[in-house]
Amino acid sequence: MSPAADRVPWRWLAAGRASRSLVLVVVFVALLLDNMLLTVVVPIVPTFLYTTEYEGANSSVAPARTEPAPPALKTPPFSSMFSYFDNTTVTVSGSTSATELVNGTEINPSSQPPTTSPPLPSGCPEGEEFLAKENVRVGLLFASKALVQLVVNPSVGLLTNRIGYHIPMFIGFVIMFLSTVMFAFSGTYTLLFIARALQGIGSSFSSVAGLGMLASVYTDDFERGNAMGIALGGLALGVLIGAPFGSIMYEFVGKSSPFLVLAFLALLDGALQLCILQPSKICPESTKGTPVFTLLRDPYILVAAGALCFSNMGVAMLEPTLPIWMMRTMCSPKWQLGMAFLPASISYLIGTNLFGILANKMGRWLCSLIGMAVVGISLLCVPLAKNIYGLIGPNSGLGFAIGMVDSAMMPIMGYLVDLRHTSVYGNVYAIADVAFCMGFAIGPSTGGAIVRAIGFPWLMVIIGVINITYAPLCWCLRNPPAKEEKIAILSQECPMQTKSYTTQKTLRDFPLTDDSDVEAENAE
């Protein structure tokens, strides 16, 4: 083979490393796998714990219950019974001691109405008290991922400012792979809890580094909005596939099968990152980013983060409580527990891709305001469903509305940093991810306790009213003012542009090739 032919793959690889589109593909795949693992456990964990703990405990004591009980009253083989009806004496054998003789007619007591409660309908799980307690335990397990991610996110934001986005992205892949394998072979609640918490660490690295990388590559506000919409489409696709995929694989193949498939896909993602991102290369930001606590004091960033938090808190509360509510009220089989989330996932996928473009035209503040109002109305309609088909409408509206909010708020976070702070994005997307995590931490952990205290319908009323009440605050994002120093920079460097901002540093297309740093220095 000629030397020129040998250099062709390397040229293609070098071109790929400088391509923004391939960077978007890497982030898309990382968010896809992260959210597939996030939702694949939703239909599996409640039924798995019920099967292993409740039914397992009852099956171990079942033989003791089936042992024949000794007779309460021992009677001789033949006894006499005097009838006051016709003043006669009747000889009764001991084998008929369980019957009554009235006028020589045997009446079996078993034909009398039973004193116990009627049995549950066919297909409904037993153990109402166990299911009520399971709401709390499953909620805490689901919330553990978000709680850990909440703690780790600020540190990851600082780390990306120091060493760049490539290495944290690859660290996220490694941790995600270990968590997926641990899920596949965990057989107790404690091991599942640890695997879920480990997933939170990996998710923190992947999401903060991935979104920050996109914001640094796509500097134009309109292009950034489109790129964020596509990346959130990966998130939506993961949510879309996860729950139905998990329920069907668990029902017909086994518990470990969906996690092993995800582990294999994670390995492919790791290979893609090795080829495109060069995770051994340290690329620190040349400009010091705005501190996290300074960003948290910005009221506009807080409003945007609150919209992300409360809109996603609704679906976070549904994840642990809706499958158990369906088991108790609809007697749903295992495969339906995950399929119930399918309408929400499909509509979320449509919403993020559609409003990634439309939100910029109609106003991102208006898109998020309408989205939060629709989230609240959809949550109020969920308890009205009598079967799985009644959940299609509310869940579709919920997913579509959350897609509106997410596709509007994620670009706004980068826009606010460009407008009011230093254009370094690791910290602001750490705050955005913290907002997600607060929704997915507070939602499941409090949702199970609220359901046990006042019931599932009232839980939906509470979170629905919160979303409708918060929606008008999105009006504040209609025309946020720029800081004074940013106004001076913008007036000098891009006086005619209102949607694209030149940062204080010379922007590079993407610092992935070995010669990119030299080119940037020559440009300066």
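**Entry 1: H2 against H5.** I am working from a predicted model. I began with the handedness of the crossing between H2 and H5, and it is left-handed. Next I looked up where the two helices sit in the chain. H2 covers residues 20–40 and H5 covers residues 166–185. Their axes come within 11 Å and cross at roughly 25°. Angles under 35 degrees count as roughly parallel, so H2 is roughly parallel to H5.

I then listed the residues that meet. From H2 I noted Val26, Val27, Ala30, Asp34 and Leu37. Facing them in H5 are Met169, Met176, Ser179, Thr180 and Phe183. I sorted the residues of this contact by class: seven are nonpolar, two polar and one charged.

**Entry 2: H2 against H6.** How do the axes of H2 and H6 cross? I found an angle of roughly 155°, with the axes coming within 10 Å. H6 runs over residues 189–217. Angles over 145 degrees count as roughly antiparallel, and H2 and H6 are therefore roughly antiparallel to each other. H2 passes H6 in a left-handed crossing.

On the H2 side I wrote down Arg20, Val23, Leu24, Val27, Leu31, Asp34, Leu37 and Leu38. On the H6 side I have Arg196, Gln199, Ser203, Ser207, Gly210, Met213, Leu214 and Val217. The classes here are nine nonpolar, four polar and three charged. I checked my lists for H2 residues with partners in both helices. Val27, Asp34 and Leu37 meet residues of H5, and Val27, Asp34 and Leu37 also meet residues of H6.

**Entry 3: Val29.** I stayed in H2 and picked Val29, which is found in that helix. Which residues does Val29 touch, not counting those up to four places away in sequence? I found Asp269 and Leu272. I also looked at Gly234. Val29 and Gly234 are 205 residues apart in sequence, yet their C-alpha atoms are 6.5 Å apart in space.

**Entry 4: H6 against H15.** I followed H6 to another partner, H15. Their axes come within 9 Å and cross at roughly 130°. H6 and H15 are therefore oblique to each other. The crossing is right-handed.

In H6 the residues I noted are Ser203, Ser204, Ser207, Val208, Leu211, Gly212 and Ala215. They meet Gly426, Tyr429, Ala430 and Asp433 in H15. By class, I have five nonpolar, five polar and one charged. Ser203 and Ser207 are in this contact, and Ser203 and Ser207 are in the contact with H2 as well.

**Entry 5: H15 itself.** I looked along H15 from end to end. It spans residues 426–454, which is 29 residues. From first C-alpha to last it reaches 41 Å, close to the expected 42 Å. Where does H15 bend? I located the bend at Gly447, and it is about 30°.

Definitions and conventions. Residues numbered from 1 in each chain as written. Predicted model: local features only at pLDDT ≥ 70, side-chain atom pairs only at ≥ 80, totals over all residues. Heavy atoms only, no water. Helix = DSSP H or I, 4+ residues; strand = E, 2+ residues; numbered from the N terminus. Expected span 1.5 Å × (residues − 1). Bend = angle between axes of the 7 residues up to and from the residue. Axes fitted to C-alpha atoms, helices over the stretch in contact; angles between N-to-C directions. Parallel < 35°, antiparallel > 145°, perpendicular 65-115°, else oblique. Left-handed = near helix turned anticlockwise from the far one by under 90°. Contact = heavy atoms within 4.5 Å. Nonpolar A, V, L, I, M, F, W, Y, C, P; charged D, E, K, R; others polar.
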